[in-house]
Amino acid sequence: MDIFDMLPGAEPAKPEAPICSRKGCRAHATTQLLWNNPKIHTAERRKIWLACTDHAHWLEDYLKSRSLWKETLPLSPKDSA
């Protein structure tokens, strides 16, 4: 949203599709990877990285190798709203 969206008759900006969290990737996300860092987050806290189909496995391996990964879930339309 920007200032021009508030002008009378202006159409509201459409929300952009969620994109992959992998550095340099601009593909649409299809998966969410839930993680936390136990050194700085409480046990129930979940951070979320989004991944496209090509990078979901890579990001999951990255988190698992650092003992940060908790769960991998599909990204549903309600999650991206």
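This is a predicted model: local features need pLDDT of at least 70, side-chain atom pairs count only at pLDDT 80 or more; totals for chains, interfaces and linings use all residues.

Modeller: Gln32 counts as buried because its relative accessibility is 8%, and the cut-off for buried is under 20%. Gln32 is found in strand E1. A polar atom of the Gln32 side chain lies 3.4 Å from the backbone oxygen of Pro74.

Strand E1 spans residues 31–35 and is included in what covers the buried residues of helix H1, as are strand E2 (47–51) and strand E3 (69–74). Helix H1 itself covers residues 56–65, and its buried residues are Ala56, Leu59, Glu60 and Leu63. Seen down the axis of H1, these buried residues fall within an arc of 100 degrees, so they line one face of the helix. In general, an α-helix has 3.6 residues a turn, so residues three or four places apart point the same way. His57 and Ser65, on the other side of H1, are exposed. After H1 comes Ser67, which has a positive phi, near 55 degrees.

As for the setting of this part, the chain has two helices and three strands, and from the N terminus on its elements run β-β-α-β-α. Of its 81 residues, 25% count as buried. Among contacts in the chain with a separation of 6 or more, 51% are accounted for by residues 24 or more positions apart. The accessible surface of the chain comes to about 6300 Å², and 57% of that belongs to carbon and sulfur atoms.

Note on methods
Residues are numbered from 1 along each chain as its sequence is written. Side-chain values use heavy atoms; hydrogens and water are left out. Buried means under 20% relative accessible area, exposed over 50%, partly exposed in between (1.4 Å probe, protein chains only). Helices (H or I, at least four residues) and strands (E, at least two) are DSSP runs, numbered from the N terminus. The arc is that of the directions from the helix axis to the C-beta atoms. Contact means heavy atoms within 4.5 Å. A polar contact is a pair of N or O atoms within 3.5 Å; within protein, one must be able to donate a hydrogen and the other to accept it, and residues adjacent in sequence count only if both atoms are side-chain atoms. Accessible areas come from the Shrake-Rupley method with a 1.4 Å probe; for residues, only the protein chains shown count as cover.
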